[in-house]
Amino acid sequence: MENIISIFIKSIFIDNMVFAFFFGMCSFIAVSKSVKTAMGLGAAVTFVMVTTVPLNYLLNEYILSPGALGWINPAYGVGGAQEVDLSFLSFILFIAVIASFVQLVEMVVEKFAPALYNQLGIFLPLIAVNCAIMGGSLFMQERAYASAGEATAFAAGSGIGWWLAIILLAAIREKITYSNVPAPLKGVGITFILTGLMGIAFMTFMGIQL
Amino acid sequence: MFSAKNMKLLTSPFGVNNPITVQILGICSALAVTAKLKPAFVMALSVTVVTAFASLIISLIRNGIPSRIRIIVQLVVIAALVILVDQVLKAYVYDVSKQLSVFVGLIITNCIIMGRIEAFALGNKPWPSFLDGIGNGVGYGIILIILGFFRELLGAGTLWGYPVLEKLGLYHVGYVNNGLMILPPMALICVGLIIWIQRSRNKNLIEK
């Protein structure tokens with residue numbers, strides 16, 4: 001349990017998806033103009049992350065990683081299943097899970113909560129190509145978490161960390177529209193520099209031992 | 001084959017229509033792999049190959065894709081190409097492949113590829129789409145190499161692993177590497193500076 005909590009806290013603050021790994025930068029820069037839309041996107045990303053990472057964890061554990069097919073009973077006439085290594089297929093399977101999940105979520109939301117669907121608009125399908133989601137699954141595979149619980153804690157922490165970062169940036173950008181920024185830096189340029197400065201601030205969490 | 005229109009498709013992403021500094025696409029990987037010059041170069045090459053061929057393939061089958069499921073079709077094509085690139089990297093440049101780690105897989109979700117397919121390849125013939133893919137890949141590569149050059153030179157004092165500053169004898173006169181250049185936040189600030197320089201030279205790009 002302690003392990004799960006420390007993974008959760010660590011992935012929010014210390015290994016923050018945005019400031020430590022730059023995941024999901026494109027939508028982070030593009031959708032952070034107002035706090036309200038940033039809030040919606042952050043919630044959607046967190047939700048998709050928390051659902052797809054555990055799914056991909058199970059895929060990785062029981063199908064993809066070397067020797068994962070050991071559960072197939074040799075009595076079915078499939079010998080040597082233990083030696084199969086399908087890990088080269090992980091990119092295509094992970095992205096298929098993410099894309100189909102996003103499509104599914106889109107259909108369900110459209111059917112049962114049309115108001116929310118209109119609010120999220122174009123962001124919903126775009127989550128499929130948000131690097132933070134794919135990055136979450138790939139990190140889960142690389143770091144080899146011991147249980148589905150740990151993987152879920154990591155996913156929830158990363159999602160919330162991303163959510164926190166985009167709300168903070170959106171709040172700063174709402175204020176900075178009143179400031180006198182040099183013309184060539186207006187918009188995107190100053191946003192990059194702001195994100196860099198926020199990253200330096202977040203680096204102070206690195207010293208924390210969990 | 002190489003009419004003026006096609007050449008414009010190929011060369012405009014190098015500058016006025018650069019994917020990173022103007023279209024703001026594909027930033028995640030541009031920032032993460034540029035602490036050293038070599039991974040930056042390998043990444044630029046891989047992205048160029050994937051963008052060009054993904055645009056070509058999608059453009060060839062564009063009339064047969066139902067628009068409701070087009071994102072999944074595009075992702076499958078891209079993912080297949082990225083698996084090929086990943087296997088080639090693992091076979092020939094294993095050390096760089098280790099350094100890039102998850103970022104090879106993240107080429108799949110690199111917005112440049114999806115962005116160019118959505119914005120260009122779905123509505124144009126294969127050959128112009130292929131050129132557009134190469135152009136955007138190279139435009140992305142130019143920024144990566146500029147970033148990698150300065151971050152490695154100022155942060156570690158080397159270029160492509162060769163100790164340039166040590167050979168120049170700068171350390172004897174009291175020069176110290178700037179460790180901040182290798183850390184993630186500095187990559188963002190460097191991109192901000194590149195955007196600043198580009199937009200002050202080309203006033204048309206300034207945002208209102």
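Is Lys10(A) buried, partly exposed or exposed? Lys10(A) is partly exposed, with a relative accessible area of 39%; buried means under 20%, exposed over 50% and partly exposed in between, with a 1.4 Å probe and protein chains only.

## Model and confidence

This is a predicted model, in which local features need pLDDT of at least 70, side-chain atom pairs count only at pLDDT 80 or more, and totals for chains, interfaces and linings use all residues. Residues are numbered from 1 along each chain as its sequence is written, chains are lettered from A and ligands numbered from 1 in the order in which they are written, and side-chain values use heavy atoms, without hydrogens and water.

The average pLDDT (the predictor's confidence in each residue, from 0 to 100) of chain A is 83, and 92% of its residues score at least 70. Helices are DSSP runs of H or I with at least four residues, numbered from the N terminus.

## Interface of chains A and B

The two chains bury about 3700 Å² between them, 83% of it on carbon and sulfur atoms; this is the accessible area (1.4 Å probe) lost on being put together, summed over both. In chain A, Phe22(A), Pro184(A) and Phe192(A) lose the most area to chain B, together 19% of what that side buries. Contact (heavy atoms within 4.5 Å) takes in 44 residues from chain A and 41 residues from chain B.

Between chain A and chain B there are 0 salt bridges, a salt bridge being a side-chain nitrogen of Lys or Arg within 4 Å of a carboxyl oxygen of Asp or Glu.

## Salt bridges

The count over all chains is 5 salt bridges. Lys10(A) pairs with Asp15(A) at 3.6 Å, N to O, and Asp15(A) is buried at 19% relative accessible area.

In chain B, Asp86(B) and Lys90(B) meet at 3.4 Å, N to O. Both lie in helix α4 (residues 70-92), 4 residues apart, about one turn of the helix. Asp86(B) is buried at 8% relative accessibility, whereas Lys90(B) is partly exposed at 40%.

Glu152(B) lies in helix α8 (residues 126-156) of chain B. Glu152(B) is buried yet has no salt bridge; Lys36(B), the nearest side chain of opposite charge, is 5.3 Å away. Leaving aside neighbours within four places in sequence, the contacts of Glu152(B) include Lys36(B), Leu37(B) and Trp160(B).

Terms used:
Helices (H or I, at least four residues) and strands (E, at least two) are DSSP runs, numbered from the N terminus. Lys and Arg count as positive and Asp and Glu as negative; His and the chain ends are not counted.
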